[in-house]
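Here is a short note for a colleague opening this structure for the first time. Please read it with the model on screen.

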Amino acid sequence: MAAKMNNIQLVTQVTMGETGTATLEGVRRYQLGRLNETLTYCKTRSRFYKKHLSGVLSPLNAWEDFGRIPFTSQEDLREGGMEAFLCVPPGEIRRITTLQTSGSTGKPKRIGFTDEDIEGIIRFFDYGMRELTQSGKKVMNCMPGSRENGITDLLAKAMSRFGAVPLIYGSIADPADAARFVLEQRPGCLTGIPAQILGLAAYMEKHGLNKETCIESVLLSTDYLSESVRNRIERIFNCRIFNHYGSTEMGYGAALECAAHEGMHLREAELYFEIVDPDTGAVLPPGQEGEVVFTTLRRTGMPLVRYRTGDIARFMPDAVCACGSVLPRITGLRRGDDCEILLSRGRVTLQALDEAVFALEGLTDYTVAITRAPKLTPASESELMRKSKLASESESESTRESKPAPERAIFSFTLWTVDGETPDGGEWAAVRGRVQAMIPDQALSVEMRVAAPGAVPPSLQGKRMIEWDGAAAP
Ligand SMILES: [Zn+2]
């Protein structure tokens, strides 16, 4: 097997046979076969699916029938518990990952993998990482977690298979320390979380160290990736960025960019993806944005059928990628919940804020608390009008006079910057302008402070954007 073989070629080999050429029809034919096996397997072995799929007549002959199979929700997984989903005796589960819900009341989700499942994950990482690096090269792994068969461990095992040298570093809490590690070890590739890798890159640039590295490629994962972050890391290290999409339920890895960097090719040999309308559940055609739903095709421990991820994305509509592959690609990923705040005149998404704020040179991370100004008494209204006149440049004199006082949104930013430096005034004004452009009809106040040295950035713990009722310090 050629050392240059990548994940796209692996999918082709699994779905089309050793010497086959990938066609979308061929891949779909393979998937429908695997899917029917999965349905039978789940209905006979899993307590949950025995009931959940009892009305489903299998084998399915066409994809249209697949669209009628009920979804599996995250709630099903939480309430049913791992045991109800298991298709093997609990003793055959080698690795259990517990996913705590961000709220305090929800039950955690637990996902179990067998040895065979873990082998499938390693194989995906193995061929995926061949796109980024090669035998003999060092890879600095900055993914969080150090448990056996966790993502860091599996990545290391995968890279060892083709002779790359994994260096396990872990989460970057101190960019200066990580920079020393880079200079000592001279890795050719990094893997990690976007904001943490950005923190390292910004630190190295500030101290003139980025020119001394030999980083050729960076794998970014775990978080969605804003263009601002991507562009800054790419420029500072003069490297190629490969975005990766995956979750524990998917078996960590699900999609990876190819050398063309236009969307992420999916792990079609092991997972079948759909994009559905989040409200109606109808399957959407390529190009349309909707919720990501997947079905495992080879999972043995705890297969999932039409599992709703809550993530939003779309398939790229063009049939062939610039790399030459016909395998579909997914793009525009974002989290569907928890990243949008509705104001009286418009909405603010975390993605749009990330694009605006991460463009600041020297910025490594930030949080924002968004507050609506309290209801006004007539006396304070004129005061606010005077203030909003100063704050809102975009509104003309005449329209402002004719409208009642608008609700005011207060954006309180805390910025993490290299060495705690205050951002350039002109650049900050540009950020302010981009925030105002998101809510053009809303009066806006923007506050900014630089985080105290040693404060824990949100990429290590916590949320980036919160809505604050103004009652206590956010
Ligand atoms: Zn491609």
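Which residue in S18 is the bridge partner of Phe-411? The answer comes under point 3, after an overview.

1. Overview. This is a predicted model. The protein has 474 residues, and 40% of them count as buried. Its secondary structure comes to 14 helices and 19 strands. Take the contacts between residues at least 6 apart in sequence: 70% of them join residues at least 24 apart.

2. At the S4 end, strand S3 (residues 138–141) runs parallel to S4, and four bridges join the two. Val-139 has Pro-166 in S4 as its bridge partner.

3. The four-stranded sheet. A second open sheet has the order S18-S17-S16-S19, again with mixed pairing. Strand S18 (443–450) and strand S19 (465–467) are its edge strands, and each pairs on one side only. Strand S17 (residues 408–417) and S18 run parallel and share eight bridges. Now the opening question: the partner of Phe-411 in S18 is Val-446. Helix H14 (residues 425–438) packs on this sheet and touches both S17 and S18. The direction of H14 makes about 140° with that of S18.

4. A hairpin. Strand S14 (residues 340–343) and strand S15 (residues 346–349) run antiparallel, joined by four bridges. They form a hairpin with two residues between them. Leu-343 stands opposite Gly-346 in S15.

5. The nonpolar core. The largest nonpolar core holds 112 residues. Leu-154, Ile-197, Ala-201, Val-218 and Ile-233 touch the most other members. Helix H9 (residues 194–206) gives the largest share, eight residues. Both domain 1 (7–335) and domain 2 (340–467) supply at least three residues each. Look at Leu-154 with its neighbours within four places in sequence set aside. Its contacts are then Ile-118, Ile-121, Ile-122, Phe-125, Asn-149 and Tyr-252.

6. Helix H2. This helix (residues 24–45) has 22 residues. From first C-alpha to last it reaches 31 Å, close to the 32 Å expected at 1.5 Å a residue. Its buried residues are Val-27, Tyr-30, Gln-31, Arg-34, Leu-35, Thr-38, Leu-39 and Cys-42. An α-helix has 3.6 residues a turn, so residues three or four places apart point the same way. What do the buried residues of H2 pack against? Three helices are listed: helix H1 (7–16), helix H3 (47–52) and helix H4 (63–66). Strand S10 (271–276) and strand S11 (290–296) complete the set.

7. Asp-311. This residue is found in strand S12 (residues 307–315). Is Asp-311 buried or exposed? It is buried, because 21 other C-beta atoms lie within 10 Å, and the cut-off is 20 or more. Leaving aside neighbours within four places in sequence, Asp-311 is in contact with Glu-291, Val-292, Leu-333, Arg-335 and Gly-336. Asp-311 and Arg-334 are 23 residues apart in sequence, yet their C-alpha atoms are 5.9 Å apart in space.

How values were computed:
Residues are numbered from 1 along each chain as its sequence is written. This is a predicted model: local features need pLDDT of at least 70, side-chain atom pairs count only at pLDDT 80 or more; totals for chains, interfaces and linings use all residues. A nonpolar core is a set of buried Ala, Val, Leu, Ile, Met, Phe, Trp, Tyr and Cys residues joined through C-beta atoms within 7 Å. A residue is buried if 20 or more other C-beta atoms lie within 10 Å of its own, exposed if 12 or fewer, and partly exposed in between; C-beta atoms are placed from the backbone. Domain bounds come from an automatic or database domain assignment. Two residues are in contact if their C-beta atoms, placed from the backbone, lie within 7 Å. Two strands pair if DSSP finds at least two bridges between them. Axes are lines fitted to C-alpha atoms, for helices over the stretch in contact, and angles run from 0 to 180 degrees between N-to-C directions. The expected span of a helix is 1.5 Å times one less than its number of residues.
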